[in-house]
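My notes are below the view.

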Amino acid sequence: MRIVHITDLHVASAGFVPEWGERLIRSVNAQQADLIVVTGDLVDDGLEHEYVAAKRFLDQFETRPAETAANGSTGARRMLVVPGNHDLRYNGGALFDRIFGGRQPTWRSDDVLVVGADSAAPDVDDGSISAHQMVTLAERLSEATAKTKILALHHHIMPIPGSGRDRDIVSNAGDVLHLCLETGVDVVLTGHMHRPWIWRLDDLHVISGGTATTNRYKGGTYPAYGVLDLGESAIFTEINVRDESTRAWELQLRNTRRAAESIPSSDRLPIESAGLPPAVAASPVG
Ligand SMILES: [Fe+2]
């Protein structure tokens with residue numbers, strides 16, 4: 001099972017770099033992913049012409065053909081999209097709903113459950129998860145059959161080092177973290193900060209994706225997206241779309257820990273760090 005995580009595309013914005021956008025599409029399509037998760041900020045101001053461009057951009061992504069995919073739930077391209085704060089500006093939420101069919105999508109295969117949450121609100125940059133949505137998330141994430149559970153939302157739920165003043169974190173992040181631990185979530189995928197990072201809290205991995213398509217990446221990082229491979233072990237690979245360099249981490253998820261420990265070290269994929277980050281070292285900005 002391969003899941004690609006992209007976020008903060010900001011299509012049609014001043015910072016969007018078309019060359020990186022083309023590289024991202026080529027690189028992601030080569031991954032033959034089972035699912036592509038997009039954690040918001042598809043556009044900049046929630047305007048119709050931006051959404052038209054974003055839809056056109058997203059339509060170029062491909063996933064593994066359905067007949068060979070891990071029980072893909074939809075047609076030729078499987079994509080789970082949640083909104084970011086920029087998407088909901090100027091009533092952009094109405095356009096988001098029309099194009100993507102809702103803001104709290106769910107995807108599942110035999111082994112993996114991915115639940116999307118809407119942490120954004122119109123015309124504010126702050127993130128929060130409503131009380132009503134917390135109840136819905138608790139119900140969805142309590143499903144016992146999934147080996148791996150993933151929560152996808154736009155705003156970060158843990159502070160991200162090196163990203164400046166830590167504004168806009170989900171206002172009830174503590175409750176969301178608690179819910180994740182209580183329901184056995186393995187991975188949280190977020191965006192918003194434009195800076196790749198991984199935190200590990202017990203068996204929970206909280207992954208902040210970078211922006212792969214804009215020049216607004218932060219903290220001396222680079223334009224990047226992520227690939228999560230779930231098998232006998234769990235590997236998260238961060239791919240720099242500018243120079244195609246990669247960095248990988250082995251994640252110790254609840255249901256892969258035992259399997260990973262049983263794999264002879266010589267058979268493991270080359271892993272840059274056996275532990276967890278610093279997820280991203282300072283990189284020259286070109
Ligand atoms: Fe963003």
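**Basis.** I am working from a predicted model, in which local features need pLDDT of at least 70, side-chain atom pairs count only at pLDDT 80 or more, and totals for chains, interfaces and linings use all residues. Residues are numbered from 1 along each chain as its sequence is written.

**Whole chain.** I found six helices and twelve strands in the protein chain. Here helices (H or I, at least four residues) and strands (E, at least two) are DSSP runs, numbered from the N terminus. Of the 286 residues, 48% count as buried. A residue is buried if 20 or more other C-beta atoms lie within 10 Å of its own, exposed if 12 or fewer, and partly exposed in between, with C-beta atoms placed from the backbone. I also checked contacts, meaning residue pairs whose C-beta atoms, placed from the backbone, lie within 7 Å. Among contacts with a separation of 6 or more, 70% are between residues 24 or more positions apart.

**The sheet.** I looked up an open sheet of six strands with mixed pairing, in the order β4-β5-β6-β7-β9-β8. β4 (106-108) and β8 (197-201) are the edge strands; each has a single partner strand, so one side of each is left without a neighbour in the sheet. The average twist from one strand to the next is 15°. Two strands pair if DSSP finds at least two bridges between them.

**Strand β6.** Is β6 buried or exposed? Five of the five residues in β6 (148-152) are buried. T148, I150 and A152 cover one side, K149 and L151 the other, and all are buried. In a regular strand the side chains alternate between the two faces of the sheet.

**Neighbours of β6.** β5 (residues 112-116) pairs with β6 in the parallel sense over five bridges, and V114 stands opposite I150. β7 (residues 187-190) is parallel to β6 and joined to it by three bridges, with L151 opposite V188. The chain goes from β6 through helix α5 (residues 173-183) to β7 in a right-handed β-α-β crossover. A crossover is right-handed if, with the strands pointing away from the viewer, the path from the first strand over the helix to the second runs clockwise. β5, helix α4 (residues 131-141) and β6 also make a right-handed β-α-β unit. α4 lies across β4, β5 and β6, at about 175° to β5. Axes are lines fitted to C-alpha atoms, for helices over the stretch in contact, and angles run from 0 to 180 degrees between N-to-C directions.

β8 and β9 (residues 204-208) run antiparallel and share five bridges. W197 has S208 of β9 as its bridge partner.

**The core.** I counted a nonpolar core as a set of buried Ala, Val, Leu, Ile, Met, Phe, Trp, Tyr and Cys residues joined through C-beta atoms within 7 Å. The largest has 74 residues, and I6, V37, V114, L151, A152, V188 and Y225 touch the most other members. Strand β10 (residues 224-230) gives the most to this core, with five residues. Leaving aside neighbours within four places in sequence, V188 is in contact with L151, I157, C180, L204, V206 and I207.

**A33.** A33 sits in the loop between α1 (18-31) and β2 (35-39). Why does A33 count as buried? It has 26 other C-beta atoms within 10 Å. Beyond four places in sequence, A33 contacts R2, I3, V4, V28, T63 and R64.

Technical notes. Two residues are in contact if their C-beta atoms, placed from the backbone, lie within 7 Å.
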